[in-house]
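Let's take a friendly walk through the charged side-chain pairs of this model. Please have the sequence and the 3D view at hand.

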Amino acid sequence: MKTEKLIIFDTTLRDGEQCPGASLNIQEKLEIARQLSLLRVDVIEAGFPAASPGDFESVKQIANEIRGSQVAGLARALEKDIEANARALEKAESPRIHIFLSTSKTHRVHMVQKAKEEIIDMAVKSVRFARKYCDDIEFSPMDATRTEKEFLKDALEAVIDAGATTLNIPDTVGYTIPGEFSELIHYLKGNVSGIEKAVISVHCHNDLGLAVANSLAAVQAGARQVECTINGIGERAGNAAMEEIVMALKTRKDFFGIESGIDTRHIMSCSKLVSSLTGFFVQRNKAVVGKNAFAHESGIHQHGFLKRKDTFEIMNPHDVGVEESELVMGKHSGRNALQHVCKELGYDLTQKELDAVFDEFKILADEKKEIFEDDILTLIQKQRWTQESLNTYSMKKIKSSFETGALPEGSVELVSRDGKSHTATATGDGPVDAVYNAIDKITGLACKLLDYQVMSKTRGKDAQGEVTVRVSHDNREVIGKGAGVNTVEASGFAYINAINKLLIKSKAGPVEAGEMPGP
Ligand code: KIV
Ligand code: ZN
């Protein structure tokens, strides 16, 4: 069976740009139009030429430049609007004039103040007038989903007779529900005489969060054009998001049996461009283009995903222009994912090492919101430094207090190789110095601190700090390293790491508290 084609009519530059705060200048509109053309959008609605000289100019420039996609302009059912469109679209390769007129009772009574007959008369006259300039005319009965069905049918029959080639059914206020909208499309298909001469289109707003669902329900019922915008931007809660419609058709081709001609690999770059030019951020969990759309954090999901991607992924990220899915390392991540990341970083850890890094990782994940690759690298290194220190001293507890005007105090509890616990308290010039003096009291080594550096390893206020110390004793110099979210604690680790190296170098091993190691 031949797969049918769905026409994608993009209105990012018209309805999308209409939303408060999203104004774009001509250059920006041109840039977006080029991206839409790269996406192989069938129709680009470039603007509303009669709305302002700027809108006129941008439709004109887009029409002059874009090839491969049709370019449409919006018009009220007024001759002056249609003429403005005709002028703006003069050089378009394939122009379309899109005329709209309110048909619902609320709009008829309170907005346009016209009777049904007058509405039909205006619609017919405007379509006939537009046909003088262009063969491709779209007509939209605005607020169609709140229009009496019989009147909608009459209006559509009249504009088909007048020469409309696309009949767009707008859910202007995002009022309809999928089942109901599908019934409406079925009704129109079955009752509007001459409807087979035109393409049925839908234009859904997202006031109830149903724009994409309503559009897809309409496609199932026979609509063959969908109007949509990149990232779903548009009036109020926006329009149906193009990327969601296109990917739903692609992913569930088995169900819809309909294809769009969109080159989906450009979806992400187009989404980013629209977001950056309009200043409308894409929510993190937005379908298809949100930062989390291809990110997995839960341990169970990561485990399944690492075994076989389709366990938890229904789309291939490459299909929408995303390089790779992301394993987000956080408190829900499991050992498998951590091992995977360590391998990617070039570390093939033994089971014992992995267990130790995993324990530290879980502690860190409770302290930090986001764990970056550098955090994991730091944990691996920290684990290696701890390994180096295994035969000497390890840090059990650290306490440091500091108050303006008072001498900083530090207490530490170290465990020596023989399992004995040693505690000491000391004061110092600062909290780190106090901790170091307390450590010296236990080890009995009067070390000289030659250098002390602390560097933030990752981003954010909760970043891990890496402390590097250069310590000398008895004409020997060693470097010690420690890391952690708490800089004083990381400083303690670094100092202990250096002392342990000194003790290993001296081959004397740990000494009894307060004694110097032998040569
Ligand atoms: O939402 C709407 O009804 C429109 C029309 C102009 C199609 O944007
Ligand atoms: Zn709209």
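## Salt bridges in a predicted model

Glu466 is buried, with a relative accessibility of 8% (buried means under 20% relative accessible area, exposed over 50%, partly exposed in between, with a 1.4 Å probe and protein chains only). This is a predicted model, in which local features need pLDDT of at least 70 and side-chain atom pairs count only at pLDDT 80 or more, while totals for chains, interfaces and linings use all residues. Residues are numbered from 1 along each chain as its sequence is written, and side-chain values use heavy atoms, with hydrogens and water left out.

Glu466 has a salt-bridge partner in Lys481 (a salt bridge is a side-chain nitrogen of Lys or Arg within 4 Å of a carboxyl oxygen of Asp or Glu). Because Lys481 belongs to strand β17 (residues 476–484) and Glu466 to strand β16 (residues 465–473), the pair ties together parts 15 residues apart in sequence (strands are DSSP runs of E, at least two residues; helices are runs of H or I, at least four; both are numbered from the N terminus). Lys481 itself is partly exposed, at 25% relative accessible area.

| Pair | N to O distance |
|---|---|
| Lys481 and Glu466 | 3.1 Å |
| Lys29 and Asp55 | 2.8 Å |
| Arg14 and Asp15 | 3.7 Å |

Lys29 and Asp55 form a salt bridge that links helix α2 (residues 26–38) with helix α3 (residues 53–65), the two residues being 26 apart. Both Lys29 and Asp55 are buried.

Arg14 is buried at 9% relative accessibility, and Asp15 is buried at 2%. Across the whole structure, the search finds 28 salt bridges.

How values were computed: Chains are lettered from A and ligands numbered from 1 in the order in which they are written.
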